[in-house]
Amino acid sequence: MKISVDFDKCCGAGQCVLAAPDVFDQRDDDGIVVLLDADPPADQYDNVRQAAAVCPAAAIEVHE
Amino acid sequence: MTAAAPSRIAVVGASAAGLSVAEGLRRDGYTGRVTLIGDEPHLPYDRPPLSKQLLSGAWDTDRLRLRSAEALEALDLELRLGAAAVALDTGAREVALADGSRVGYDALVVATGVAARRLPGTEGIAGVHVLRTLEDAVGLREQLRPGLRLVIVGAGFVGAEAAAVARELGAEVTMVTDAAVPLADALGPDLGAMLSQVHAEHGVRIMPGVLVDAILAAGGRATGVRLADGRTVEADAVLVGIGAHPNTGWLAASGVPVGNGVECDATLYAGSGVWAAGDVASWLHPRTGRRLRIEHRANAAEQGLAVARNILAGPEHATPFDPVPYVWSDQYDLKIQIYGQLRGCDQVRIVEGSLAERRLTALYGRDGRVRGTVGINMARATRRYRPLVAEQAAWPIAADPDPALSDGPALSDGPAPSDGPAPSGVALSGVALSGRNA
Ligand SMILES: Cc1cc2nc3c(=O)[nH]c(=O)nc-3n(C[C@H](O)[C@H](O)[C@H](O)COP(=O)(O)OP(=O)(O)OC[C@H]3O[C@@H](n4cnc5c(N)ncnc54)[C@H](O)[C@@H]3O)c2cc1C
Ligand SMILES: NC(=O)c1ccc[n+]([C@@H]2O[C@H](COP(=O)([O-])OP(=O)(O)OC[C@H]3O[C@@H](n4cnc5c(N)ncnc54)[C@H](O)[C@@H]3O)[C@@H](O)[C@H]2O)c1
Ligand code: SF4
């Protein structure tokens with residue numbers, strides 16, 4: 001699995017962090033997403049798919 | 001009575017909620033047919049940028065695509081775009097489309113969203129705009145130029161965001177609203193007053209507390225607006241942002257329960273094999289037992305996934321939809337985040353930052369419970385208070401959130417509020433929130 005994030009689209013919702021806290025975080029100042037792990041282990045795949053699905057800015061794309 | 005597993009699922013409405021249903025079905029392993037029907041000719045696109053990056057010209061329309069071509073391809077959908085659903089026969093389990101064709105289904109999802117409310121008598125008058133679709137946004141963008149006199153009717157999300165963009169592009173903006181402050185509904189008077197000030201500093205003239213009565217026109221073109229108190233305001237263009245109504249007309253003869261939206265039970269099921277998701281869905285909130293309909297982007301995605309899960313589980317095993325609502329808004333350099341349900345809250349307390357800094361987190365309470373939290377330019381910090389909203393923690397709350405709450409897992413299925421005693425909280429500098437003037 002490879003994750004790509006369009007940082008410009010991100011609106012700082014943090015929904016991705018709620019879904020996959022080991023893979024995403026947010027910057028302190030503006031809330032923009034921080035990708036902690038662009039190539040996460042298999043036990044994270046479901047969380048990452050959930051994060052991409054709920055991101056309200058459609059900023060996360062998952063390639064499998 | 002367990003119905004056979006569906007093998008044909010039709011989704012009407014090919015936008016955020018409809019696409020989310022389709023994705024959810026595939027993610028949950030459904031391999032049957034999925035027909036996604038949408039009346040717009042475009043591949044699914046996202047609306048929030050319509051009043052932000054698209055309106056300002058920062059993005060072109062390609063950036064609005066909700067999913068890449070490959071991602072859509074992988075979903076293996078039968079896409080029926082540019083095809084409006086005009087009727088539903090729940091007996092025969094068929095949707096009739098405007099081109100005369102019919103689509104059969106075992107389960108149907110209504111995800112037809114809402115349409116912008118218009119002022120009566122404005123159809124066909126040039127220079128009157130609403131902002132709901134790509135065409136609406138492109139049409140308004142073409143008009144925005146330095147010196148254009150733009151009157152915005154309504155100071156809700158559309159009005160406030162469009163005002164910010166129009167000012168950045170040099171238009172002269174007058175905002176008329178029956179409320180006292182922008183986003184009064186969503187934020188209440190204190191944060192709303194701060195927002196008023198920000199708009200005023202950016203040169204927006206706000207006329208609060210008065211309804212717009214009619215659009216004035218000459219030669220088929222808008223020349224201004226008339227207010228309920230008789231005053232008039234001249235304009236070269238008018239943007240009407242006075243709310244929206246659910247797209248349910250096509251269900252009129254179907255027997256599907258329709259009120260303010262498609263009326264579902266707590267699991268988003270409306271009976272007879274019909275489900276609903278997104279802006280159009282009114283459901284019985286499992287904790288309050290009251291009907292709720294939410295017009296926000298994250299809700300569309302979450303309800304879409306919930307409906308997919310519940311369709312595959314079947315109505316008997318479907319689970320209630322119990323979210324922590326979330327919405328954001330960008331205006332000038334303000335990034336506003338809202339969790340929970342602020343409407344009706346009569347207590348507000350700023351727990352971090354301040355109005356003066358225009359950087360803050362506020363908690364909102366009602367009936368002795370935390371109901372929501374708002375962040376202004378404090379996205380990450382504000383998210384730490386979300387669990388208090390999910391739990392509906394007792395109000396007044398302790399001064400700081402439990403550090404262990406930070407970055408915890410999603411609590412959308414969190415426990416019902418306990419009746420335990422309130423934590424020994426600090427005294428509230430409780431600013432009373434007057435109810436909206438509705
Ligand atoms: C300008 C603007 C800015 C916004 N900004 C934000 C924001 O910053 N944050 C936020 O949280 N939310 C925002 N929203 C709200 C968010 O976009 C909506 O909540 C979301 O689009 C709802 O998705 P939906 O799929 O339920 O409905 P919609 O997006 O309304 O989609 C419904 C689709 O169904 C189609 N349809 C309707 N009737 C039929 C029919 N009979 N047959 C076939 N198709 C039909 C419609 O044409 C449409 O394509 C914004 C909305 C607008 C308009
Ligand atoms: N950031 C966001 O979440 C965002 C941004 C843009 C649009 N949207 C969505 O788009 C939809 C429409 O937004 P909206 O701003 O039109 O609706 P809204 O309900 O947010 O606001 C409507 C406003 O118009 C006022 N109003 C109503 N009739 C009036 C009249 N005759 N004269 C003057 N004022 C009047 C109301 O008091 C209210 O302030 C909603 O679903 C909204 O959630 C959301
Ligand atoms: S959910 Fe999407 S918009 Fe929100 S922080 Fe994550 S990437 Fe950004």
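Modeller: A disulfide is a pair of cysteine sulfur atoms within 2.5 Å. Searching the whole structure turns up zero of them over all chains.

Colleague: What should I know before I read on?

Modeller: This is a predicted model, where local features need pLDDT of at least 70, side-chain atom pairs count only at pLDDT 80 or more, and totals for chains, interfaces and linings use all residues. Residues are numbered from 1 along each chain as its sequence is written, chains are lettered from A and ligands numbered from 1 in the order in which they are written, and side-chain values use heavy atoms, with hydrogens and water left out.

Colleague: Back to the cysteines: is C16(A) buried or exposed?

Modeller: Buried means under 20% relative accessible area, exposed means over 50%, and partly exposed is in between (1.4 Å probe, protein chains only). C16(A) has 9% relative accessibility, so C16(A) counts as buried. C264(B) is buried too, because its value is 2%.

Colleague: On to the ligands. Which residues come nearest to ligand 1?

Modeller: A residue is near a molecule if one of its heavy atoms lies within 4 Å of that molecule. Around ligand 1 there are 33 residues, and D39(B), E40(B), R47(B), K52(B) and D279(B) come nearest. By class, that shell holds 15 nonpolar, nine polar and nine charged residues. (Nonpolar covers Ala, Val, Leu, Ile, Met, Phe, Trp, Tyr, Cys and Pro; charged covers Asp, Glu, Lys and Arg; the others, Gly among them, are polar.)

Colleague: Which parts of chain B each supply at least two residues of the shell around ligand 1?

Modeller: Helices (H or I, at least four residues) and strands (E, at least two) are DSSP runs, numbered from the N terminus. For ligand 1, look at α1 (16–27), α8 (297–313) and β24 (326–331) of chain B.

Colleague: What is 2.8 Å from an oxygen atom of ligand 1?

Modeller: An N or O atom in the side chain of D279(B). Elsewhere, a polar backbone atom of A85(B) sits 2.8 Å from a nitrogen atom of ligand 1, and W328(B) has a backbone N or O atom 3.2 Å from a ligand oxygen. On its own, ligand 1 exposes 1,000 Å², and the protein buries 93% of that. (Such areas come from the Shrake-Rupley method with a 1.4 Å probe; for residues, only the protein chains shown count as cover. A polar contact is a pair of N or O atoms within 3.5 Å; within protein, one must be able to donate a hydrogen and the other to accept it, and residues adjacent in sequence count only if both atoms are side-chain atoms.)

Colleague: How many residues are around ligand 2?

Modeller: There are 23, and V158(B), E161(B), D178(B), G243(B) and E295(B) come nearest. Both V158(B) and G243(B) place a polar backbone atom 2.8 Å from an oxygen atom of ligand 2.

Colleague: Which residues have a positive phi near 55 degrees and near 50 degrees?

Modeller: R358(B) is near 55 degrees and D367(B) near 50 degrees, and neither is a glycine. R358(B) sits in the loop between β26 (347–354) and β27 (359–366) of chain B. D367(B) is in the loop between β27 and β28 (369–376).
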